[in-house]
Amino acid sequence: MGSSLKSAQFLFESRIRDALLGDPSAYYDLGVFYSTGSGGVTLDLIEAHKWFNLAAVGGVEAAQACRAEISEDMTAREIATAQGAARAWIAQTMRRAA
């Protein structure tokens, strides 16, 4: 494994940890990873939409534009799946915080 891949995976894993703590900027970064297929992850618009949605709810204005942009390349079913995943994340992290 190359050092650049290791550092990308480390960055991704650190952003996941921050996301578990409810950090909206981490949500945004994860959306970027999934929407571009960077950070050692496979391009996944549903997962990207989920993270951009969470970031937008958290007040990251750039996430709203990114979410709208990738939505143009998604079906209504894919968007609904992403929205359900975002709601599940919120429910899961709220239970963890309680």
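The crossing of helix 3 and helix 4 is left-handed, a term applied when the near helix is turned anticlockwise from the far one by less than a right angle, the clockwise case being right-handed. The model is a predicted one, in which local features need pLDDT of at least 70 and side-chain atom pairs count only at pLDDT 80 or more, whereas totals for chains, interfaces and linings use all residues. Residues are numbered from 1 along each chain as its sequence is written, and side-chain values use heavy atoms, with hydrogens and water left out.

Helix 3 spans residues 45-57 and helix 4 spans residues 61-71; helices here are DSSP runs of H or I with at least four residues, numbered from the N terminus. The axes of these two helices come within 8 Å and cross at roughly 155 degrees. Axes are lines fitted to C-alpha atoms, for helices over the stretch in contact, and the angles, taken between N-to-C directions, run from 0 to 180 degrees. Helix 3 and helix 4 are therefore roughly antiparallel to each other (angles over 145 degrees count as roughly antiparallel, under 35 as roughly parallel, 65 to 115 as roughly perpendicular and the rest as oblique).

On the side of helix 3, the contact is made by Leu-45, Ala-48, His-49, Phe-52, Asn-53, Ala-55 and Ala-56. Helix 4 contributes Ala-63, Gln-64, Cys-66, Arg-67, Ile-70 and Ser-71. Contact means heavy atoms within 4.5 Å. By class, the contact of helix 3 with helix 4 has eight nonpolar, four polar and one charged residues, where Ala, Val, Leu, Ile, Met, Phe, Trp, Tyr, Cys and Pro count as nonpolar, Asp, Glu, Lys and Arg as charged, and the others, Gly among them, as polar.

Cys-66 is placed in helix 4. When residues up to four places away in sequence are not counted, Cys-66 touches Tyr-28 and Phe-52. Cys-66 and Tyr-28 are 38 residues apart along the chain, and their C-alpha atoms are separated by 9.1 Å.

Ile-46 lies in helix 3 and, with a relative accessibility of 26%, counts as partly exposed. In this scale, buried means under 20% relative accessible area, exposed means over 50%, and partly exposed lies in between (1.4 Å probe, protein chains only). Leaving aside neighbours within four places in sequence, Ile-46 is in contact with Met-74, Glu-78, Thr-81 and Ala-82. Between Ile-46 and Ile-70, which are 24 residues apart in sequence, the C-alpha to C-alpha distance is 9.1 Å.

Helix 3 also packs with helix 2, at an angle of about 160 degrees and with the axes 7 Å apart. That makes helix 2 roughly antiparallel to helix 3. The crossing of this pair is left-handed. From helix 2, the residues in contact are Pro-24, Tyr-27, Tyr-28, Leu-30, Gly-31, Val-32, Tyr-34 and Ser-35. From helix 3 they are Leu-45, Glu-47, Ala-48, Trp-51, Phe-52, Leu-54 and Ala-55. The contact of helix 2 with helix 3 has 12 nonpolar, two polar and one charged residues.

Helix 1 and helix 2 (residues 24-36) pack at an angle of about 140 degrees, with their axes 8 Å apart. That makes helix 1 oblique to helix 2. Helix 1 passes helix 2 in a left-handed crossing. Leu-11, Phe-12, Arg-15, Ile-16, Asp-18 and Ala-19 of helix 1 meet Ser-25, Ala-26, Tyr-27, Asp-29, Leu-30, Phe-33 and Tyr-34 of helix 2 in this contact. The contact of helix 1 with helix 2 divides into nine nonpolar, one polar and three charged residues.

The count of salt bridges comes to four, each being a side-chain nitrogen of Lys or Arg within 4 Å of a carboxyl oxygen of Asp or Glu. One of them joins Glu-47 and Lys-50, whose closest N and O atoms are 2.9 Å apart. Both residues lie in helix 3, three residues apart, about one turn of the helix, and both are buried. Elsewhere, salt bridges that share partners join Arg-15, Asp-18, Asp-23 and Asp-29 into one network.

Arg-15 and Asp-18 both lie in helix 1 (residues 3-20), three residues apart. Arg-15 is buried, with a relative accessible area of 11%, whereas Asp-18, at 24% relative accessibility, is partly exposed. Arg-15 also forms a salt bridge with Asp-23, with 3.9 Å between the closest N and O atoms. Asp-23 is partly exposed, at 25% relative accessibility.
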